[in-house]
Amino acid sequence: MASVLIREAKEGDCGNILRLIRELAEYEKLSDQVKISEEALISAALRADGFGENPFYHCLVAEILPAPGEPQGHGIGSKIIKKVAEVALDKGCSQFRLSVLDWNKRAMDLYKALGAQDLTEAEGWHSFRFEGEAMRELAGK
């Protein structure tokens, strides 16, 4: 079985965090929404936003050492979600939420199997976002 170490991210992980953001956008068919033109600027923003005095985000890193002959990634998603739950409880959170696109049935099935409640089905919640011009208009800028 693969050996997995899940740890808090460090500043030195920002390059890999940026790579993973790009890979996730590509996987979710949203590459056009990730506008990363200045790698150094984005990396600096990730450092400042995640590792400054008042971080805007927290990040966990999974270091995976697969056993010989074992496919990489087996069960990693479950282990990461369990670690997120542990960290959230340690930080005093009463819940955490995950977003998933409607076509990603594998992810939805995993979340449900781990005990997550699908708020779209159960409560009819929809997710909304304000960005760009709509935000500026709301803020009067």
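Predicted model: local features only at pLDDT ≥ 70, side-chain atom pairs only at ≥ 80, totals over all residues.

Residues are numbered from 1 along each chain as its sequence is written, and side-chain values use heavy atoms, with hydrogens and water left out.

A search of the whole structure finds two aromatic pairs. Rings of Phe, Tyr and Trp (its six-membered ring) pair if their centres lie within 6.5 Å; planes under 30 degrees apart are stacked, over 60 edge-to-face, the rest tilted. Tyr27 and Trp103 form a tilted pair, because their planes stand at 55 degrees, with ring centres 5.5 Å apart. This pair links distant parts of the chain. Tyr27 belongs to helix 1 (residues 14–27), while Trp103 sits in the loop between helix 3 (76–90) and helix 4 (105–113). Helices are DSSP runs (H or I, at least four residues), numbered from the N terminus.

Phe51 and Tyr57 make an edge-to-face pair: planes at 80 degrees, centres 6.3 Å apart.

Lys29 lies over the face of Trp103, at 4.1 Å from the ring centre. The criterion is NZ of Lys or CZ of Arg within 6 Å of the ring centre and within 35 degrees of the ring normal. Lys29 also follows helix 1, with a positive phi near 60 degrees.

In helix 1, Cys14, Ile17, Leu18 and Ala25 are buried (under 20% relative accessible area; exposed is over 50%, partly exposed in between; 1.4 Å probe, protein chains only). Tyr27 is partly exposed, at 46% relative accessibility.

Key:
Helix = DSSP H or I, 4+ residues; strand = E, 2+ residues; numbered from the N terminus.
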